[in-house]
Amino acid sequence: MSGDRVTRAPRRRGALLLASIVPLFAAGCGKQDVLDPHSHPERKISTLCWVMMTGAWIGFALVVVLLFLGWARRNRDSLPFGGGERAATALVIALGVAVPILVLSSLFVWSDIFVIRATDAPARGSTRLTVRVVGHQWWWEIKYPGTAAVTANELHIPVGTRVRVEGTTADVIHSLWVPELNRKVDLVPGREAVLLLDADRAGTYPGQCAEFCGLQHAHMELSVIAQPRPQFRAWLAKESKPARGSMPGAFAEETCSSCHEIRGTDARGQVGPDLTHFGSRTTLGAGVLPNDPENLREWIRDPQHPKPGNRMPALPLSDADVRALASYLEGLK
Amino acid sequence: MSADAARIDRSRAAKPNGWWGMAVFVATEATLFGTLVGTYFYLEFTNPQWPPPGIPDPKVLAPLLLTAALVATSVPVQVAYSAARRDRVRLAQLALVVALVVQAVYLALQLHLFLDDLDTFSPNASAYASIYFTLVGAHHFHVVVGMLLEAWLVVRLVTGLTRYRLVGLQATAFYWHFVNVLAVVVLLTQISPAL
Amino acid sequence: MAVDVLTPGAEQRIERLHRVWRPRPGVLGWLTTVDHKRIGLLYFFTTLAFFGAGGIEALLMRTQLAGPDLNVVGPETYDQLMTMHGVTMIFFFIIPMTTGAFGNYLVPLMIGARDMAFPRLNALSYWIFLGSGIFIYVGLFMHRAPNCGWFCYTPLNRRAFDPGPNVDFYALGLIFNSIASTATALNFIVTIFKLRAPGMSLNRMPLFIFAMLAVSLSLIFALPSLTADLVYLELQRKGGFHFFDVAHGGDAFLWQHLFWLFGHPEVYIIVLPAFGIATSIIPTFSKRRMIAFPLVALAELLVAFIGFGVWAHHMFATGLPTITLVAFAAASMMVVIPSTIQVFAWTFTVVLGRPEFRAPLLFIGGFIVFFVLGGLSGIMFAAIPFDQATTDTYFVVAHFHFIIFGAAVFPILGGMYYWFPKVTGRLYHERAAQISFWLTFFGTALTFFPMHIVGLLGMTRRVYTYKPHLGWDAYNLSETIGSFILAAGLLLIFANLVWSRFRGAPSGPDPFRGGTLEWATSSPPPEYNFAVIPKVTSPYPNWDPADREDDARRLQAGTLVLEEGHETPAVTVRDGYLDEVLRMPAESPWPVVVGLGVALIFTMLLLSHFVLASVAAGLTLFALAGWHLQEPELE
């Protein structure tokens, strides 16, 4: 009996890990569509948007109709239902002062007093999980306080769970934005930004930096991956573990370790992203290329080609070294 | 010619264009200083300690006395304009020279304090020092400009009074009254941590 | 007043005016001019050149973004293009075009004056504007143009993150430029207050003048905030000061607050002169006075005033306290009201009148359509959660381009057609003008409307490229196509104007029967604007035939002809009673010399040669002394 239990546990974990990938493919790559909400705050924003757009189209139509009337009645100098300058002045005041005051007051109360409660920062202690994000030029550092897990550019969260994201920046102002999950919040030096993430379905929710932060602002993608809670726990546990496998000599010789950390080895650089479980990430270079061996070799050979201006220099490496490094990194699952 | 200029000045119902021009210029400079003063207090509110540790509280007595002397020069400057309005050109020049002398002494002593401060705390070390020297320095710069205006008028009045020079004198007097009000505002801001 | 038959007495007076006001010939005449009309024309052509530059920058950007992952330009070049596009269009096109070109040319004419209050200062404004434009564009030619975005946030603007001279070109260039705008604004305020024709009390000023007054007051109170911010930036970059960095007690938001304290009034500065042009064209082509005239005049001033209280709505996503955001959202909604008043006043004037939809009125129609569209998306941003979702996306880019292009540039284009006969004495080609309108209108709509959609689909601003899987490709391609159609429309407009300049039919003084005073003199106006200072008893003086006949009588009698020298009357501020006769300067070399001196100062500052900068300052002071040695009444 005890033997059975021993052998079943690793298989279950493996099955869970496998199962976690299925929802990713089911949801597809995901979009950054503000009007396709997958969370409570984003639903509020989306509804707000639809209502305002409807009102806007009505207002716009009114003015277009008036202009059309101006043209259609260009040979008459009175209003359609009779009335001259005094009636027109009264209409200017009604439509230009009274109606806007009514409409705007209603909009103000609804959006800036009620809806804002859903999109505001969650109070401390009101969420089950806290994640810390630090923006860098041009990648996202992600930490899970209370664990040893450190990763980059992929933010895993459990589905249907309120997650408090605390963010700041290591250099310039960035802005954290996952359009289908919530509004954006700027990451400002010396300040802590707080954002609520709460996905109601499993899937991948893409986002990207939304404040111009220099040369590669366009290639600073953040993927939020919402997993069922058991899968998330498994992922977090795996992510907290140190790396396995033997590091090729090239890694230390070519000063990779001066910028990158691989927990469990002597590589402890803090300049670039943590690479401990790099092999399990779906993209490299913060979304600039899908993470597969060929792209990784291309990246290692010349990082400046797909992402010109980024902080990783092109180092003179032999083909053999490139292959060794790439296969080592892909093995860091 | 001088008499004509003075007469025309007195017969105007509205302020002359040059006065209005100076009024608008004063408005921009006042807004600029409002921004500088606003920056000072904004940075104070975002800093836990002000001045930051290691920087002494600002001196109070010397700046206060010097500012009082500067503000007092509004009197001779206004006298200069009133005299010129009545075609008393030499009196106007004398009043301007009196103002210039006091302002020169003021400036020399203020510059001495300024350099002294620079030796004590550097704008390269803190936001406090950065806004302090920018604000106080901008004020001294405006004093220098005012003195140049007065000196120019003293020289021009040698060959007599014209409408142009009289309006220039009126505008300069306005400028100085503004600079003196500004001096009080800057002083209060500068010494506020010690109050 | 266009008098058909002149009496011998009147002819003699006009002959004397011609002699007194005859301009210096040749290039020297243009370099030393202080005539507001010549300065207006200098501004016009210079700003058109910058418009072209900004347009090419836009077309290059749109080409790069026509499809995903393109490589037409790399990120560094793209960042310079997008920054220069914004800086050029705002500081070197729109503001100098509306104030420097339209304002300078038209304000003295519309108020019945012979020039601005400070003609030499006016010339200096132009030379400084030109100098600042060349200054910044030297940066572009060196491939070191500003590359931080037109609002150049800190810390990105610090030497640590942008070490080259790019940001220094930006900061020093804009301080340099702001001197010109401040001087122009100052000139307008004093001119509008003091140089109106006797009888033009404040409440009889044309709406265009109210708009120019509002713009000028806004410039005076908004620019210092930007100037201070830029001075802090340069002190930080070149002097090692600490205003913005947290480590030494500074604050990153200080930059943003000061920038937007300028930046929001700036957008009203951009749009107010357009309102002024619209309120000039609408009554003329609707053949009636503006509905609710006092409300419209008041609204123009209110928009400028309330616009100073809303700046932090550009910072809704920065993490400021919620109560602060809510306060600014409320203020932002208040500023809508003066705009809606105006929209309906304009529209009902057209409905109530008998509009003739010639090209100028078509452009104003397009202006109203786009202003309402852009204004409505602007109102949506007052809903804070929506703003926090869509700020920094192409939704914002759509909003402000409909306002800036649709609501500010369309009146400029309409105004070019409207006042073309006044400036050149010829009529533009009407048919081609109408086609040019539709082409430009359609191009504008196709370029900017899809940006709303692609912004809601998550496309952020200031990206030099994008990935294909996000569904943005087709919209971006449409926008690019639209931008080239728009460019074609603009080219057609200019082709029409150039052709008509040489081959257009003579227009006479008043081809459209306009109500304001510029139509009461010949086309083009003589150097002295009016042979006799006009009598004014209403805001539409050219629709008062009795007053215009009175002008003819006074010309004969020599009352307020003022032909002794360069003379124009000054009045009391509120009621417009005649107060004195002013002597104005003739040509002067000092403005261009002082302009050169100032350019030298800024160049030395850019190169960090502070001693040489002081020397340049000294030389400039000498030039200023020369300037004031030249007293108009002694000429």
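Tutor: Let us begin with β1(A) and β2(A), which form a hairpin with two residues between them. This is a predicted model, in which local features need pLDDT of at least 70 and side-chain atom pairs count only at pLDDT 80 or more, while totals for chains, interfaces and linings use all residues. Residues are numbered from 1 along each chain as its sequence is written, and chains are lettered from A and ligands numbered from 1 in the order in which they are written.

Student: What makes β1(A) and β2(A) a pair of strands?

Tutor: Strands are DSSP runs of E with at least two residues, helices are DSSP runs of H or I with at least four, and both are numbered from the N terminus. Two strands pair if DSSP finds at least two bridges between them, and five bridges join β1(A) to β2 (residues 139-143) of chain A, so these antiparallel strands qualify. Within this pairing, Trp140(A) in β2(A) is the bridge partner of Gly135(A).

Student: Which way do β1(A) and β5(A) run, parallel or antiparallel, and how many bridges join them?

Tutor: Strand β1 (residues 129-136) and strand β5 (residues 163-169) of chain A run parallel and are joined by seven bridges. In β5(A), Thr168(A) stands opposite Val134(A).

Student: How do you know which chains touch, and which pair has the most contacts?

Tutor: Two residues are in contact if their C-beta atoms, placed from the backbone, lie within 7 Å. Two pairs of chains touch, and the most contacts are between chains A and C, whereas chains A and B do not touch, their nearest C-alpha atoms being 11 Å apart.

Student: What makes up the contact between chains A and C?

Tutor: Chain C contributes 66 residues and chain A contributes 72 residues. On the side of chain C, the elements that give two or more residues are α4 (75-111), α10 (322-334), α11 (336-352), α12 (359-380) and α13 (384-390) of chain C, and the largest share, 12 residues, comes from α11(C). By class, that side of chain C has 44 nonpolar, 16 polar and six charged residues, where Ala, Val, Leu, Ile, Met, Phe, Trp, Tyr, Cys and Pro count as nonpolar, Asp, Glu, Lys and Arg as charged, and the others, Gly among them, as polar.

Student: Which elements of chain B meet chain C?

Tutor: In this second contact, 33 residues of chain B meet 36 residues of chain C. The elements of chain B that give two or more residues are α2 (17-46), α6 (127-156) and α7 (163-191), with the largest share, 15 residues, coming from α2(B). This side of chain B has 18 nonpolar, 13 polar and two charged residues.

Student: Why is α18(C) called largely enclosed?

Tutor: A residue is buried if 20 or more other C-beta atoms lie within 10 Å of its own, exposed if 12 or fewer, and partly exposed in between, with C-beta atoms placed from the backbone. Because 12 of the 17 residues of α18(C) are buried, this helix is largely enclosed by the rest of the structure. The buried residues include Trp590(C), Gly595(C) and Phe602(C), and what covers them includes α2 (26-31), α5 (119-141), α6 (166-194) and α19 (610-629) of chain C.

Student: What makes a group of residues a nonpolar core, and which members of the largest core touch the most others?

Tutor: A nonpolar core is a set of buried Ala, Val, Leu, Ile, Met, Phe, Trp, Tyr and Cys residues joined through C-beta atoms within 7 Å. The largest such core has 342 residues, of which Val92(A) and Ala345(C) touch the most other members, and its largest share, 22 residues, comes from helix α7 (residues 207-239) of chain C. Leaving aside neighbours within four places in sequence, the contacts of Val92(A) include Ile291(C), Leu295(C), Ala345(C) and Phe348(C). A second, separate core of 16 residues includes Cys256(A) and Leu329(A).
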